[in-house]
Amino acid sequence: RVKMVEYTDEDIAKLTENYKGKEVEQENLAFDTNIQNVIANTTEGTLSNGFKYAVLKKPIKGKKVIGTLIFPVGDEKILANKSEVAELMADLMKSGTKNMTKEQIQDKLDNTKTSINVGFSGQNFYISVSTYQEYLASTFDLIKDATFPDSELSKQVLEIKTQYEAYKNDPQSLAFNEIQRMTSNYPKSHPLYTPTYDEKIAAFEKVKKAEIVDFYNSVLGANNGYGTIVGDVDATKIKGLLESTFGKCNS
């Protein structure tokens, strides 16, 4: 028989003699979520280019900060036949900037336990952020000055194509897609048009990097944007951060 290894109290003490536990987190004060208290703790403002924001000073466990930013852009004419261009632009925002590679961006997100979700739907570009107080400023730098590397574009198109090919073999996905098509009455060029999966694949395969860069530089902007930041933060500092990040981002 295999004899089990037995540990004495002295062995356990030796194993744990250099152990250091995490610092005790400060307990959050109870936050009353009634409407009057939320209003009293909310600071609203407008950036120089028209972007509207609200900061809710509310302690979150672990000194976390959560942000949601929405940027309506373009119009029916400008966005015509640009749905896939806009979606790919958003998908590739974390694939490299002038100062960081995709790998460096991902390492930074992992090391700071930060998540950034970026997307585009209809005529809205959106960013959602979950991070910690000390990393908030550097987090926004991770999506500034995107470069959209060619290699990442081809990878992203391949991933999307694989995804939609799978949808074509899923009865439930096909049913929902067909219901959407039957209940919407937009022309094919409209940003709210619901394409078939084959149409979607074909449209993504046609997108060129130059179209993405042009959309990023010409159409994307914060002029009509709005957003919220929630956390135990200084509203004045948040305004400065938003101004430096989005204040000159004009369509």
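**Questions on a predicted model**

Me: What secondary structure does the chain contain?

Reply: The chain holds ten helices and six strands. The model is a predicted one.

Me: How do you know how the radius of gyration of the chain stands against that of a compact globule?

Reply: The chain has a radius of gyration of 23 Å, whereas a compact globule of 251 residues would have one near 18 Å. Along its principal axes, the C-alpha trace spans about 75 × 65 × 40 Å.

Me: What share of the residues in the chain is buried, and what share of the accessible surface belongs to carbon and sulfur atoms?

Reply: Of the 251 residues, 34% are buried. The accessible surface amounts to about 16100 Å², and 51% of that belongs to carbon and sulfur atoms.

Me: What part of the contacts with a separation of 6 or more comes from residues 24 or more positions apart?

Reply: Such residues account for 76% of those contacts in the chain.

Me: How far apart are the mean positions of the positive and negative charges?

Reply: The chain carries 31 positive and 35 negative charges, and their mean positions are 2 Å apart.

Me: Why is T114 called buried?

Reply: The term applies under 20% relative accessible area. T114 has 8% relative accessibility, and therefore counts as buried. T114 is found in the loop between α4 (102-111) and β4 (115-121). Beyond its neighbours up to four places away in sequence, T114 touches L109, S130, T131, Y135 and T139.

Me: What makes the pair T114 and T131 a polar contact?

Reply: A polar contact requires a pair of N or O atoms within 3.5 Å, one able to donate a hydrogen and the other to accept it. The side chains of T114 and T131 are joined by a polar contact of 2.7 Å, so the distance falls within that cut-off.

Me: Why is α3 described as largely enclosed by the rest of the structure?

Reply: Seven of the nine residues of α3 are buried, so the description follows from that count. The buried residues are S83, E84, V85, A86, L88, M89 and A90. They pack against β4, β5 (124-132), α6 (150-167), α8 (197-206) and α9 (209-219).

Me: Why is V38 called partly exposed?

Reply: Partly exposed lies between the 20% limit for buried and the 50% limit for exposed. V38 has 26% relative accessibility and therefore belongs to that class. V38 sits in helix α2 (residues 35-40), and it touches F31, T33 and L56, residues up to four places away in sequence not being counted. V38 and M100 are 62 residues apart in sequence and 38 Å apart in space, C-alpha to C-alpha.

Me: Why is N81 called exposed?

Reply: Exposed means over 50% relative accessible area. N81 has 58%, so the term applies. N81 is placed in the loop between β3 and α3 (83-91).

Me: What is the phi of N81, and what is that of K63?

Reply: Phi of N81 is near 60 degrees, a positive value in a residue other than glycine. K63, also not a glycine, has a positive phi of about 60 degrees. K63 is found in the loop between β2 (52-57) and β3 (64-72).

Note on methods:
Residues are numbered from 1 along each chain as its sequence is written. This is a predicted model: local features need pLDDT of at least 70, side-chain atom pairs count only at pLDDT 80 or more; totals for chains, interfaces and linings use all residues. Side-chain values use heavy atoms; hydrogens and water are left out. Helices (H or I, at least four residues) and strands (E, at least two) are DSSP runs, numbered from the N terminus. The radius of gyration is taken over C-alpha atoms; the globule rule is 2.2 Å times the number of residues to the power 0.38. Buried means under 20% relative accessible area, exposed over 50%, partly exposed in between (1.4 Å probe, protein chains only). Contact means heavy atoms within 4.5 Å. Accessible areas come from the Shrake-Rupley method with a 1.4 Å probe; for residues, only the protein chains shown count as cover. Lys and Arg count as positive and Asp and Glu as negative; His and the chain ends are not counted. The place of a charge is taken as NZ of Lys, CZ of Arg, CG of Asp or CD of Glu.
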